[in-house]
Amino acid sequence: QVQLVESGGGLVQAGGSLRLSCAVSGRTFSMYYMGWFRQAPGKEREFVSAISWSGGRTNYADSVKGRFTISRDSAKSTVYLQMNSLKPEDTAVYYCATARSGSGAYAPASATDYANWGQGTQVTVSS
């Protein structure tokens, strides 16, 4: 069983930055691609970013391209989401998710491609 624990959320002013972390335990971190999703109140969960298990492929939602950067540290079994130039519309609960893949170039945007989810961390951006 894979466990994921997110951290790093909080309250920040518009234009500020936060870095989210997601620590993975329970299975070998390699061979698992990682994704970040978010859900704002009254809205559906949406894709934010993903990274393949090799780290060689990344994927971003159009709404965060150029502002957010996903990365992974295999030695620490942790994936990060660096969020810069935050906007009030980025306010949401952010979830990390993972699943195993034989392809080192797989970084899907669909939530149905992910088997394991964290509990989420709240990000609030004030205007």
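The legends below describe close-up views of salt bridges, aromatic pairs and charges over rings in a predicted model.

In this predicted model, local features need pLDDT of at least 70 and side-chain atom pairs count only at pLDDT 80 or more, while totals for chains, interfaces and linings use all residues. Residues are numbered from 1 along each chain as its sequence is written, and side-chain values use heavy atoms, with hydrogens and water left out.

**View 1. Arg-38 and Glu-46 form a salt bridge.** A salt bridge is a side-chain nitrogen of Lys or Arg within 4 Å of a carboxyl oxygen of Asp or Glu. In the pair of Arg-38 and Glu-46, the N to O distance is 2.6 Å. Arg-38 is buried at 5% relative accessibility, whereas Glu-46 is partly exposed at 36%. Here buried means under 20% relative accessible area, exposed over 50%, and partly exposed in between (1.4 Å probe, protein chains only). The whole structure has 4 salt bridges.

**View 2. Asp-90 and Arg-67 form a salt bridge between distant parts of the chain.** Their closest N and O atoms are 2.7 Å apart. Asp-90 is in the loop between strand S8 (78-83) and strand S9 (92-100), and Arg-67 is in the loop between strand S6 (58-60) and strand S7 (68-73), 23 residues apart. Strands (E, at least two residues) are DSSP runs numbered from the N terminus, as are helices (H or I, at least four). Asp-90 is buried, with 0% relative accessibility, and Arg-67 is buried as well, at 10%. Through shared partners, salt bridges join Arg-38, Glu-46, Arg-67 and Asp-90 into one network.

**View 3. Asp-62 and Lys-65 meet in a salt bridge.** The N to O distance between these side chains is 3.2 Å. Asp-62 is exposed, at 64% relative accessibility.

**View 4. Phe-37 and Trp-117 form an aromatic pair.** Rings of Phe, Tyr and Trp (its six-membered ring) pair if their centres lie within 6.5 Å; planes under 30 degrees apart count as stacked, over 60 as edge-to-face and the rest as tilted. The centres of these two rings are 5.0 Å apart and the planes are at 55°, so the pair is tilted. Phe-37 lies in strand S4 (residues 32-39) and Trp-117 in strand S10 (residues 116-117), 80 residues apart. Phe-37 is buried at 1%, while Trp-117 is partly exposed at 26%. Ring pairs link Phe-37 and Trp-117 with Tyr-33, Phe-47, Tyr-106 and Tyr-114 in a cluster.

**View 5. The charged end of Arg-45 sits over the rings of Tyr-95 and Trp-117.** A charge sits over a ring if NZ of Lys or CZ of Arg is within 6 Å of the ring centre and within 35 degrees of the ring normal. For Arg-45, the distance is 4.0 Å to the ring centre of Tyr-95 and 4.7 Å to that of Trp-117.
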